[in-house]
Amino acid sequence: MASQSIENKILSTINRKKHGAILFASDFASAGERKAINKALERIALSGKIIRIARGIYCKPKVDTEFGFGILYPSVDEVAQAIAQRDKCRIVPTGDAALNKLGLSTQVPMNAVYYTDGTPRRIKVYNGKGILFKHVVPKRLNFKSELVMLITFALQTIGQGHVSDEQLDRIKQLLSKESKERVYEDLELIPSWIRSIILKVYE
């Protein structure tokens, strides 16, 4: 049967992937028609060999045997990064997602917001969480330092005059690992009040 053949082709590819790998329906385009591929992936998901994360997005599950946590789902950030890689676009977390990634907040947002130079869209993932890709002009993502870009968007979320001493200490700690020259290359992209916070680190 053709459907069995498509399923076997897909399974053969999945078996070569490492546990924790994020898979897209489009990864299996060479196996057959899109509708048949989607049906095959649904059947494979029912068997437990893969788990569905969102529409057309799956994961080869990683299982924690040491502490008994069971299936370890990929983080929302891992899913977002995999989508960006597939679409060959740039993304950067903003808002609470940026604060969390930098350790400036322990709050894990239900909806992670990313700036992108790619297609804007909203994706619903497992456990009711969501990913929102907001299109921005590419220039806004033209930072040489990913860390400086993250800090800039995180501080814009906190707002001028609302950055705590603990958050300032954390920023200092993070920037101590980044070369001064690299940071200075990005200064013109940073709002003046954030620039002064960053420059104080190097005084």
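**Questions on a predicted model**

Colleague: Does Tyr-126 count as buried or exposed, and what is its relative accessibility?

Modeller: In this predicted model, residues count as buried when their relative accessible area is under 20%. Tyr-126 falls under that limit and therefore counts as buried, with a relative accessibility of 12%.

Colleague: Where is Tyr-126 placed, and which residues does it touch, leaving aside those up to four places away in sequence?

Modeller: Tyr-126 sits in the loop between strand E8 (121-124) and strand E9 (130-135). Its C-alpha atom is separated by 7.9 Å from that of Arg-52, although the two residues are 74 residues apart along the chain. Once residues up to four places away in sequence are set aside, the residues that Tyr-126 touches are Ile-53, Tyr-73, Pro-74, Ser-75 and Val-76.

Colleague: In what order do the four strands of the open sheet stand, and which strands are at its edges?

Modeller: The four strands form an open sheet with mixed pairing, in the order E6-E7-E9-E8, and the twist from one strand to the next averages 25°. Two of these strands have a single partner strand each, so one side of each is left without a neighbour in the sheet; these edge strands are E6 (91-94) and E8.

Colleague: Which residues of E6 are buried on its two faces?

Modeller: Both faces of E6 are covered, and the buried residues divide between the two sides. On one side they are Ile-91 and Pro-93, and on the other Val-92 and Thr-94.

Colleague: Which helices pack on the sheet, and what angle does the direction of H4 make with that of E6?

Modeller: Helix H3 (residues 76-87) packs on the sheet and touches E6, strand E7 (111-116), E8 and E9, its direction making about 45° with that of E9. Helix H4 (residues 95-102) also packs on the sheet, where it touches E6 and E7, and its direction makes with that of E6 an angle of about 90°.

Colleague: How do H5 and H6 run relative to each other, and how many nonpolar residues does their contact have?

Modeller: Helix H5 (residues 146-158) and helix H6 (residues 165-175) pack with their axes 11 Å apart and at an angle of about 170°, which means that H5 is roughly antiparallel to H6. The contact includes Leu-147 and Ile-151 of H5 as well as Gln-167 and Leu-174 of H6. By class, it has one polar residue, no charged residues and, as the nonpolar count, eight.

Technical notes. Residues are numbered from 1 along each chain as its sequence is written. This is a predicted model: local features need pLDDT of at least 70, side-chain atom pairs count only at pLDDT 80 or more; totals for chains, interfaces and linings use all residues. Side-chain values use heavy atoms; hydrogens and water are left out. Axes are lines fitted to C-alpha atoms, for helices over the stretch in contact, and angles run from 0 to 180 degrees between N-to-C directions. Angles under 35 degrees count as roughly parallel, over 145 as roughly antiparallel, 65 to 115 as roughly perpendicular and the rest as oblique. Contact means heavy atoms within 4.5 Å. Ala, Val, Leu, Ile, Met, Phe, Trp, Tyr, Cys and Pro count as nonpolar, Asp, Glu, Lys and Arg as charged, and the others, Gly among them, as polar. Buried means under 20% relative accessible area, exposed over 50%, partly exposed in between (1.4 Å probe, protein chains only). Two strands pair if DSSP finds at least two bridges between them.
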